[in-house]
Amino acid sequence: MKTVLVQLDDNISPELAFGLKNYLIDIDGTVTEDVPNEQPERMSEVVPYEGSVEMINTWYDEGHVITFFTSRTDEHELVTKLWLEKWGFKYQNIIFNKPRGGNYHWIDNHIVRATRYNGKWSKLVNKTHNIEVFEE
């Protein structure tokens, strides 16, 4: 399925068609074991977590945008892309140099949803949780 952008107004950025998502997916500790940047020799040798390739490729095939968003630096670009290719991950984009340390708080003018990886790749389900929002 091809990803479709919809232009609702010429004065704002286009949005994905209804039902499609922009998945931003970490690599280390999320699709494979956590490999720190200080140990790049391990990056080519780790194996994907069970179910990660299949789930991500399913989303890709459904037309969702898959972007790997990693704390690996630009110097790890080649080993990272070769590893993703070796294991058959389908994706449109990869962004390097994500800030390290976790505790991310994303502020955007678009809807943002977050899913913390808990050790198992499976279908996503809806749950309700309290979130922080700007005071009105």
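When I say that two residues touch, I mean that they have heavy atoms within 4.5 Å of each other. Keep that in mind for what follows. The model we are looking at is predicted.

Tyr23 lies in strand β3. Leaving out residues up to four places away in sequence, Tyr23 touches Trp59, His64, Val65, Ile66, Thr67 and Leu124. Is Tyr23 buried or exposed? Its relative accessibility is 12%, and buried means under 20%, so Tyr23 counts as buried. For a sense of distance, take Trp87, which is 64 residues away from Tyr23 along the chain. The C-alpha atoms of these two residues are separated by 19 Å.

Now the sheet that β3 belongs to. Strands of a sheet pair through backbone hydrogen bonds, and the pairing can be parallel or antiparallel. Here, three strands form an open sheet, in the order β3-β4-β5, and the pairing is parallel. Which strands stand at the edges? They are β3, residues 22-25, and β5, residues 93-95. Each has a single partner strand, so one side of each is left without a neighbour in the sheet. On average, neighbouring strands are turned by 25 degrees against each other, ignoring direction.

Between β3 and β4, which covers residues 65-69, there are four bridges, in the parallel sense. As one example, Ile25 has Phe68 of β4 as its bridge partner.

Next, the helix on this sheet. Helix α1, residues 52-61, packs on the sheet and touches β3 and β4. The direction of α1 makes about 135 degrees with that of β4. Which residues of α1 are buried? They are Ser52, Val53, Met55, Ile56, Asn57 and Trp59. After α1 comes Gly63, with a positive phi near 100 degrees.

Last, the surface. Leu24, Ile95, Trp106 and Val112 make a nonpolar surface patch of about 340 Å². Of these, Val112 is found in the segment after β5.

To recap: Tyr23 is buried, the three strands pair in parallel, and α1 packs on their sheet.

Key:
Residues numbered from 1 in each chain as written. Predicted model: local features only at pLDDT ≥ 70, side-chain atom pairs only at ≥ 80, totals over all residues. Heavy atoms only, no water. Pairing = 2+ DSSP bridges. Helix = DSSP H or I, 4+ residues; strand = E, 2+ residues; numbered from the N terminus. Axes fitted to C-alpha atoms, helices over the stretch in contact; angles between N-to-C directions. Buried < 20%, exposed > 50% of the residue type's maximum accessible area, 1.4 Å probe, protein only. Patch = residues over 30% accessible without salt bridge, like charges linked within 9 Å, V, L, I, M, F, W, Y side chains within 5 Å. Areas by Shrake-Rupley, 256 points an atom, 1.4 Å probe, with all protein chains shown as cover. Salt bridge = Lys/Arg side-chain N within 4 Å of Asp/Glu carboxyl O.
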